[in-house]
Amino acid sequence: MATLRRLREVPRHLLVCEKSNFGHDKSRHRHLVETHYHNYRVSFLIPECGILSKELKNLVMETGPYYFVKNLPLHELITHEFINTFVKKVFSLEPFVCHCVSASLRIPPSLCSCCALTYNTNIDEDNTAALLPNGKLILSLDKDTYEETGLQGHPSRYSGRKIMKFVVSIDLMDLSCNLDSKKYKRISWSFKEKKPLKFDFLLAWHHTGAEESAMMSYFSSYRIQEHQPKIAVSTMTDLQCPVLQSSELGGKPEVACGAWELLDWLGAVFSDVELNNEPNNFISTYCCPQPSTVVAKAYLCTITGFILPEKICLLLEQLCRYFDEPKLAPWVTLSVQGFADSPVSWREKEHGFRKGGEHLYNFVIFNNQDYWLQMAVGANDDCPP
Amino acid sequence: MAVFADLDLRAGSDLKALRGLVENAAHLGYSVVAINHVVEFKEKKQEIEKPVAVSELFTSLPIVQGKSRPIKILTRLTIIVSDPSHCNVLVACTHLDVDLVCITVTEKLPFYFRRPPINVAIDRGVSFELVYSPAIKDSTMRRYTISNALNLMQICKGKNVIISSAAERPLEIRGPYDVANLGLLFGLSESDAKAAVSTNCRAAILHGETRKTAFGIIATVKKPRPSEADDDSLPACKKAKCED
């Protein structure tokens with residue numbers, strides 16, 4: 001019977017596993033980290049490690065502040081001033097400098113990228129807005145709001161029998177080039193007069209060579225608060241770890257575990273679950289995949305907040321350099337989990353929430369600079385890139 | 001995509017219990033609830049009690065968990081007609097001006113649903129309601145709930161179905177995602193089950209609102225009476241006609 005068949009089905013989920021080496025020219029690791037914009041939790045696990053190195057510790061402490069603004073009207077994000085201060089990357093003037101001028105006059109580019117996401121909004125119930133570092137403002141609106149704003153968008157791919165969700169994408173870089181265009185006037189009219197939308201926003205800003213507190217002073221008329229990401233550290237003793245071989249992504253029976261078995265095990269470790277398959281354990285009967293070894297101690301660090309992809313890139317680079325000196329650990333892992341209520345997962349791929357809103361990726365970095373990358377998404381999501 | 005709603009919270013005589021019920025609903029994530037007043041239909045003219053005023057219940061509405069908005073409270077009237085000669089399901093679906101037809105779960109349905117009147121009801125915008133709190137209380141009711149629900153699903157194919165709690169106490173209400181999972185047991189698909197707690201509830205509420213409008217397009221709004229001072233500025237012929 002159809003009902004019984006449906007009850008036996010597992011909610012749809014996708015896991016993409018790939019392996020490569022950091023030294024390869026065509027390695028996609030940087031691109032994939034940089035295009036996953038809204039990161040909620042970053043964790044790294046280092047087996048056979050009791051204390052963190054100074055560089056890693058500094059990086060962890062400097063994952064940067066993020067800001068929380070209450071009741072920010074959406075039209076503030078499309079003003080010329082906001083786009084110029086926070087969104088636009090100022091490109092180097094090198095192409096315009098005459099080739100006879102000496103290289104010492106090269107003007108360094110000032111790069112910045114701003115990321116924003118609405119807070120306390122559920123992607124499957126309410127209107128959500130997100131600002132991506134490439135200058136796109138994505139709005140995920142319900143049917144009533146979409147019809148009231150009068151903006152052009154497209155229906156969501158995961159909307160169900162009746163189309164109830166619409167996605168509007170506004171390119172701020174394009175808008176700022178021509179402020180007198182009809183498009184800008186219409187969007188401005190819609191946000192200021194037709195349907196003024198206000199949200200609580202989480203903001204983060206990556207900048208080089210600019211004032212530290214520019215964001216606090218820019219939004220000083222609204223209630224803006226600065227927050228530091230929460231850092232949780234734990235050292236585990238006698239941890240059962242699966243044995244992995246970098247060349248065997250799918251695992252080899254009796255020799256090494258596969259990529260998805262590792263991801264299951266990692267989830268169990270993060271949830272602080274017993275790995276012994278004890279019959280009287282009420283919570284979990286999970287047991288570590290075989291073959292496995294017992295590691296004397298392992299260091300687990302978790303950073304929670306609104307974390308920019310640039311910081312994660314730096315963390316990944318530092319973890320690659322972990323193996324510059326010989327270490328006991330055969331591999332280290334770096335896991336990143338995205339916000340469940342973000343309207344996009346990677347780049348501008350749509351993200352939704354059916355029964356769960358996971359979109360996460362995990363790096364396994366081996367001592368020979370090989371890596372495994374696992375990307376997982378849930379039901380209402382496009383396939384990871 | 002619509003906010004989660006529970007359209008059946010039973011209004012007892014105890015305001016404090018009702019308050020606890022609404023606070024629990026807000027805590028679980030429901031953004032809209034409707035307080036249900038149930039009345040038995042009697043032959044002679046009957047007085048229907050006044051609905052509970054929201055201002056009496058709460059001075060400040062509880063905030064929905066995970067959002068920054070307060071919960072929205074609506075009121076609803078349910079009429080139980082026991083005499084089949086007055087009105088049966090066929091009549092209710094095709095002629096009566098109602099928003100919801102409730103499917104009894106306390107006993108095995110004495111009749112089978114037929115496709116024509118159900119289809120007429122779906123076209124008119126009438127929704128079918130299933131309640132789940134009797135299923136929580138008693139195992140026999142559980143069997144009746146599931147079998148009645150499966151009968152309905154075979155005919156209506158999961159369209160225009162809403163699931164609500166009929167809760168009298170705070171412990172009888174369940175979270176929206178759990179209720180969507182319960183919908184799977186009732187024979188709905190995953191997306192239909194989630195719509196049964198969100199989109200279809202919104203449609204039923206809008207259907208109720210359109211009863212005050214002309215064809216759902218034009219609505220009348222009471223205009224505030226202008227004060228005497230403003231009237232003097234306009235010439236007599238331009239003053240709006242207002243009833244005394």
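In the loop between helix 9 (259-270) and strand 12 (292-307) of chain A lies A:Pro291, where helices (H or I, at least four residues) and strands (E, at least two) are DSSP runs numbered from the N terminus. The peptide bond that leads from A:Gln290 into A:Pro291 is cis, with omega near 0°. The model is a predicted one, in which local features need pLDDT of at least 70 and side-chain atom pairs count only at pLDDT 80 or more, while totals for chains, interfaces and linings use all residues; side-chain values use heavy atoms, with hydrogens and water left out. Residues are numbered from 1 along each chain as its sequence is written, and chains are lettered from A and ligands numbered from 1 in the order in which they are written.

Two further residues of chain A have a backbone feature of note. A:Asn71, which lies in strand 3 (residues 66-73) of chain A, has a positive phi of about 55° although it is not a glycine. With a relative accessible area of 45%, A:Asn71 is partly exposed; here buried means under 20% relative accessible area, exposed over 50%, and partly exposed in between (1.4 Å probe, protein chains only). A:Gln369, found in the loop between strand 14 (359-366) and strand 15 (370-377) of chain A, is likewise not a glycine and has a positive phi, of about 70°. The relative accessible area of A:Gln369 is 25%, so this residue is partly exposed.

Chain A as a whole contains ten helices and 15 strands. Its radius of gyration is 23 Å, close to the 21 Å that the globule rule gives for 385 residues, so chain A is as compact as a globular protein of that length; the radius is taken over C-alpha atoms, and the rule is 2.2 Å times the number of residues to the power 0.38. The C-alpha trace of chain A spans about 75 × 65 × 35 Å along its principal axes. Of the 385 residues of this chain, 50% count as buried. Among the contacts in chain A with a separation of 6 or more, 75% are accounted for by residues 24 or more positions apart, a contact meaning heavy atoms within 4.5 Å. The accessible surface of chain A comes to about 19,000 Å², and 53% of this belongs to carbon and sulfur atoms; such areas come from the Shrake-Rupley method with a 1.4 Å probe, and for residues only the protein chains shown count as cover. The mean positions of the 40 positive and 44 negative charges of chain A are 6 Å apart, with Lys and Arg counted as positive, Asp and Glu as negative, and His and the chain ends not counted. The place of a charge is taken as NZ of Lys, CZ of Arg, CG of Asp or CD of Glu.

Chain B has ten helices and six strands, and 41% of its 244 residues count as buried. Where contacts in chain B join residues at least 6 apart in sequence, 79% of them join residues at least 24 apart. The accessible surface of chain B comes to about 14,100 Å², of which 56% belongs to carbon and sulfur atoms.

Within chain B, B:Leu100 lies in strand 4 (residues 100-102) and, at 18% relative accessibility, counts as buried. Not counting residues up to four places away in sequence, B:Leu100 touches B:Arg76, B:Ser127, B:Glu129, B:Ile162 and B:Ala204. B:Val54, by contrast, lies in helix 2 (residues 54-57) of chain B and counts as partly exposed at 29% relative accessibility. Under the same exclusion of residues up to four places away, B:Val54 touches B:Leu61 and B:Ile73.

Between the two chains, 24 residues of chain A are in contact with 29 residues of chain B. Together the chains bury about 2,300 Å², 48% of it on carbon and sulfur atoms, buried area being the accessible area (1.4 Å probe) that two parts lose on being put together, summed over both. In chain A, the residues that lose the most area to chain B are A:Glu125, A:Arg161 and A:Lys355, together 29% of what that side buries. On the side of chain B, B:Gly66 is found in the loop between helix 2 and strand 3 (72-80) and touches A:Asn120, A:Thr121 and A:Asn122. B:Gly66 counts as partly exposed, at 35% relative accessibility.
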